[in-house]
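This briefing goes through a few features of the model shown below. Keep the sequence and the structure in view while reading.

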Amino acid sequence: MNFARIAWLILRKDLTVEVRSGEVAFTTLLFAVSCVLVFAFAFVREGIPPQGAAPAVLWIAVMFAGTLALGRTFDRERQSETLRALLLAPAGRPAVYTGKLLGIVVLLAGLELLLVPLVAFLFQEPLLAHPFWLGAILLAGTIGFSSVGTLFAAMLVRARSRDMLLPVLLYPISVPVIIASVHGTDALLQDHLEVGVLRFWVVLLLCFDVVFVTLALWTFEALMTE
Amino acid sequence: MIDFDEVAVEDVSRHFGRRRAVSRVSFSARAGTILGLLGPNGAGKSTLLALLGTLLRPSQGRIRFGDVNVEEEGAAVRARIGVLGHDLFLYPELTALENLAFFAALYGIADAQSAARSALDRAGLADRADDVVSSLSRGMRQRVALERALIQGPRLVLLDEPFTGLDDRSGAALLERLDGLRREGAAVVVATHDLDLAEGLLDEAVFLRDGRVVESLARPEGLRAAYRAVMTRPATPIARPSTGPS
Amino acid sequence: MSSKNDSRPHFEETIVNHSNADITLPAWFVPAAVVCGLMFVVSPVLIANTPYEATMGLVQKIFYYHLPSAFMFLLGGIVCGIASARYLATRNPHHDRVAWAAAELIVLFGVLTLVTGPLWARKSWGVWWTWDVRLTSSLVSWLLAVSYLLVRRYGGPGSDRLAAALALFGMANVPFIYISVNFWRTIHPLTTVVPTLPSSFGVPTWFCITAFLLLFVLLLRMRVRLEAQRARLDAMYLSLDE
């Protein structure tokens with residue numbers, strides 16, 4: 001069976017389920033917005049937000065909300081044991097992984113579309129000044145974070161301490177993504193755009209994506225077989 | 001498409017840490033027969049089904065699918081297996097038709113939509129095609145789940161407690177379906193503790209207790225009596241230390 | 001067709017066969033332990049006799065424990081990563097034991113490195129933490145090792161595979177951590193001076209490295225043995241029902 005076909009089938013199924021129930025999308029959106037608000041209350045003094053806080057707030061909100069979304073998405077698969085059904089099918093395991101990964105990326109991309117204007121608004125930063133670069137950083141960073149997150153969340157589906165372990169595993173591995181994304185976004189906000197710096201961070205993120213998606217594809221089969 | 005006439009479980013054991021789930025079990029499921037795995041909860045029936053469905057690998061022994069090499073042809077083998085699990089494997093937010101079409105496409109069926117519609121017709125649920133699964137009754141969900149398991153025309157059909165929560169009419173309908181599968185040449189393995197319904201259905205009954213086969217009967221009659229006789233046989237005394245594993 | 005009542009044990013075969021090699025301590029273990037102990041006893045004397053370093057004085061001598069700790073920290077990472085990869089490929093429990101033991105050693109030597117580093121920094125420039133590239137990268141990698149141990153402890157069934165994946169990902173992550181932290185620091189240059197390593201390693205340095213290396217190997221071997229004994233115990237429990 002075609003790799004791309006299966007990944008597409010699973011992606012379409014995930015999106016349909018999500019659109020119908022809306023559970024994960026709405027709760028993570030609300031959570032992300034609350035996150036941003038908390039940071040706003042904490043950092044804004046006398047109505048003036050601190051310099052350079054916006055990129056950090058944006059990416060922390062994305063990561064926290066992303067972890068929540070990952071946990072909930074796979075929890076849903078556990079309820080009717082549908083993940084088992086996916087593994088029972090002759091579909092190649094890497095294709096199943098890719099389908100799930102794309103679903104998470106789409107969900108988080110939608111979330112970012114709403115968060116970026118909110119953060120730009122509350123923290124008075126021109127986040128949307130260079131949309132092409134912003135889009136590149138957002139996409140590369142989200143894929144990096146999600147690639148590792150999808151793998152770990154799939155493996156933790158039946159673990160006892162699933163909710164606690166996912167962040168414990170995911171955040172240390174995501175440190176390079178966080179550093180690159182936050183500082184890449186920060187470089188965007190400077191008055192003179194330093195293309196060299198931006199290019200460095202984006203390339204680093206893309207390398208991370210390639211390495212870790214490849215690793216995940218290689219190991220997914222071995223990891224899901226008991 | 002690969003095929004096999006017989007699924008042979010050869011001296012299979014499976015443990016999880018210190019817990020033995022299945023211990024030195026051997027039996028054979030042949031095409032065109034219905035084999036029952038009977039036993040109390042915790043006897044190892046679900047584990048055996050997971051092993052047969054290639055979701056688990058045996059700790060010892062092996063499961064042979066005809067002459068096929070499972071290591072290399074895992075996906076091809078899985079394509080010929082249909083599983084009706086205890087948890088039904090259906091997406092509650094999708095409609096019956098969408099569920100069936102998704103799995104049909106996943107199993108490589110060319111025209112998934114029409115295959116899904118035919119399956120719904122077979123289940124007698126064509127009028128509920130566009131209702132989300134969560135709105136269907138347990139019996140209807142079971143019928144959809146069964147069609148999902150059978151949509152690719154599997155050679156080996158595994159059912160885990162399929163009669164749970166079914167009323168008499170649905171139970172009878174399921175029995176008929178299983179009989180039909182047998183005539184079509186599928187090898188059917190049913191794990192159940194509902195002996196009354198299994199009566200008359202099984203070509204072979206394998207009685208399990210504590211992960212072991214205690215008896216296996218061909219063409220069993222009077223299942224209840226046989227079950228009672230087999231299960232009340234004294235077990236060999238097990239020397240457990242007073243501070244045994246939990 | 002009832003289950004075979006062979007007197008030959010069933011479950012334990014694989015477990016016992018895989019753990020035999022790990023349980024019996026090799027002949028060199030005890031002599032090596034003695035040598036290692038002696039080396040550690042002698043090392044302070046050796047270190048005290050090294051020439052005083054001009055700029056930093058007595059504090060610089062902490063380097064003789066800091067550097068080998070850092071090396072063993074790195075070595076633990078490499079061993080854990082490779083053992084995890086081999087475990088995922090072959091499912092041989094021996095590799096799993098080595099990976100787990102190596103992860104504990106990463107945490108142990110990591111703590112030593114992360115404590116001796118700031119001690120040095122504090123005495124040298126008055127600050128405990130300077131976000132130096134190497135120390136920061138070590139901190140992140142150390143956190144990864146701690147998360148590995150948390151998975152093994154709380155992950156439940158299947159945690160051996162998950163931890164192996166984590167170790168593999170962690171090992172692949174190390175260059176990314178270093179590069180990202182490095183670039184982050186260089187675009188915000190330090191105002192203080194970063195300590196430089198001596199250009200050549202003298203006798204005391206090699207002596208301490210050897211002592212630490214011996215300690216690493218001994219601890220690894222002992223820890224692997226402990227896990228093998230646990231596996232043997234599991235096999236014995238399993239065989240009780242036979």
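**A residue in chain B**

Phe16(B) counts as partly exposed, because 13 C-beta neighbours lie inside 10 Å, and the partly exposed class sits between buried, at 20 or more, and exposed, at 12 or fewer. The model is a predicted one.

*Surroundings of Phe16(B)*

- Phe16(B) is part of strand E1 of chain B, which covers residues 6–16.
- Leaving aside residues up to four places away in sequence, Phe16(B) touches Ala21(B) and Pro157(C).
- Phe16(B) and Ser59(B) are 43 residues apart in sequence, and their C-alpha atoms are 9.1 Å apart in space.

*Domains of chain B*

- Chain B is divided into domain 1, made of 1–80 + 156–233, and domain 2, made of 91–153.
- How far apart do the C-alpha centres of domain 1 and domain 2 of chain B lie? The distance between these centres is 24 Å.
- Seven residues from domain 1 of chain B and nine residues from domain 2 of chain B take part in the contact between them.
- On the domain 1 side of this contact in chain B, three residues are nonpolar, two are polar and two are charged.

*A helix pair in chain A*

- Helix H6 (residues 131–155) and helix H9 (residues 195–224) of chain A have axes that come within 9 Å and cross at roughly 20°.
- That angle makes H6(A) roughly parallel to H9(A), because angles under 35 degrees count as roughly parallel.
- The crossing of H6(A) and H9(A) is left-handed.
- The contact of H6(A) with H9(A) has 21 nonpolar residues, three polar residues and one charged residue.

*Chain A against chain C*

- The contact between the two chains involves 28 residues of chain A and 28 residues of chain C.
- On the chain A side, H6, helix H7 (162–173), helix H8 (175–188) and H9 each supply at least two residues.
- Which helix of chain A gives the most to the side that touches chain C? H9(A) does, with ten residues.
- By class, the side of chain A that touches chain C has 22 nonpolar, three polar and three charged residues.

Key: Residues numbered from 1 in each chain as written. Chains lettered and ligands numbered in written order. Predicted model: local features only at pLDDT ≥ 70, side-chain atom pairs only at ≥ 80, totals over all residues. Axes fitted to C-alpha atoms, helices over the stretch in contact; angles between N-to-C directions. Helix = DSSP H or I, 4+ residues; strand = E, 2+ residues; numbered from the N terminus. Parallel < 35°, antiparallel > 145°, perpendicular 65-115°, else oblique. Left-handed = near helix turned anticlockwise from the far one by under 90°. Nonpolar A, V, L, I, M, F, W, Y, C, P; charged D, E, K, R; others polar. Domains from an automatic or database assignment.
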